[in-house]
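Student: I am new to this structure and would like a close look at one part of it, the pocket. Please take me through what lines it and then through the salt bridges.

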Amino acid sequence: MAADTILESRKGSVTGTPEEVYNFVTDIRNFGSLIPDGYITDWEAAKDSGSFSVSPLGSVNFRLDESKPFTMVSYKGLALSTANFALDLIIEPGEAGMADVKVRLGTDLNPVLRMMADAPARRFLETLIAEMEKFTCWKDRE
């Protein structure tokens, strides 16, 4: 990921296997299950693309960009109407055959937008990992 700003989540342990997590997150329609109610609005998704609104960032559009079976899924998108970003999910084997997941967000932002987006982006990463850790239906939506 070539970006001047890179934020990473902590590593989270989830209840799905690396294969189940990979299959789930490569279908963007499933992402709505990982976002808590009220966190985003205007959620729309197809298998390989999606969009939503989040305050104070506004509209976010993204698409599946690259995937490596059971280890990595990468999305590319546009936020703040001008900021390209990449969101990578790194999937690793964890304990008892389950998966560990880390989320990396990279973007090129000018200093003012970087200050404005830093706290919401960090909250998003933590919220996403926390929701993934709580989620139990990885294979129910394949």
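Tutor: A pocket here is an open set of grid points with protein on both sides within 12 Å along at least five of seven lines, and its lining residues have an atom within 4 Å of a point. The model is predicted. Its largest pocket has a volume of about 490 Å³. The lining consists of 28 residues, and Leu57, Val60, Leu105, Ala121 and Phe124 lie nearest the centre. Of the lining residues, 22 are nonpolar, three are polar and three are charged. Helix H2 (111-134) gives the largest share, seven residues. Among the other elements that supply at least two residues each are strand S1 (5-8), strand S7 (83-93) and strand S8 (99-107).

Glutamate 8 is partly exposed, at 39% relative accessibility, and arginine 104 is partly exposed at 25%. Glu8 and Arg104 also belong to a network of salt bridges with Lys102.

Another salt bridge is formed by the side chains of lysine 11 and glutamate 92, at 2.9 Å from N to O. Here lysine 11 sits in the loop between S1 and strand S2 (12-13), and glutamate 92 sits in S7, 81 residues apart. Lysine 11 is partly exposed, with 45% relative accessibility, and glutamate 92 is partly exposed, with 32%.

How values were computed: Residues numbered from 1 in each chain as written. Predicted model: local features only at pLDDT ≥ 70, side-chain atom pairs only at ≥ 80, totals over all residues. Heavy atoms only, no water. 1 Å grid on protein atoms, 1.4 Å probe; cavity = no way out; pocket = protein on both sides within 12 Å on 5 of 7 lines; lining within 4 Å. Points joined across faces, edges and corners; volume = space filled by probe spheres on them. Helix = DSSP H or I, 4+ residues; strand = E, 2+ residues; numbered from the N terminus. Nonpolar A, V, L, I, M, F, W, Y, C, P; charged D, E, K, R; others polar. Buried < 20%, exposed > 50% of the residue type's maximum accessible area, 1.4 Å probe, protein only. Salt bridge = Lys/Arg side-chain N within 4 Å of Asp/Glu carboxyl O.
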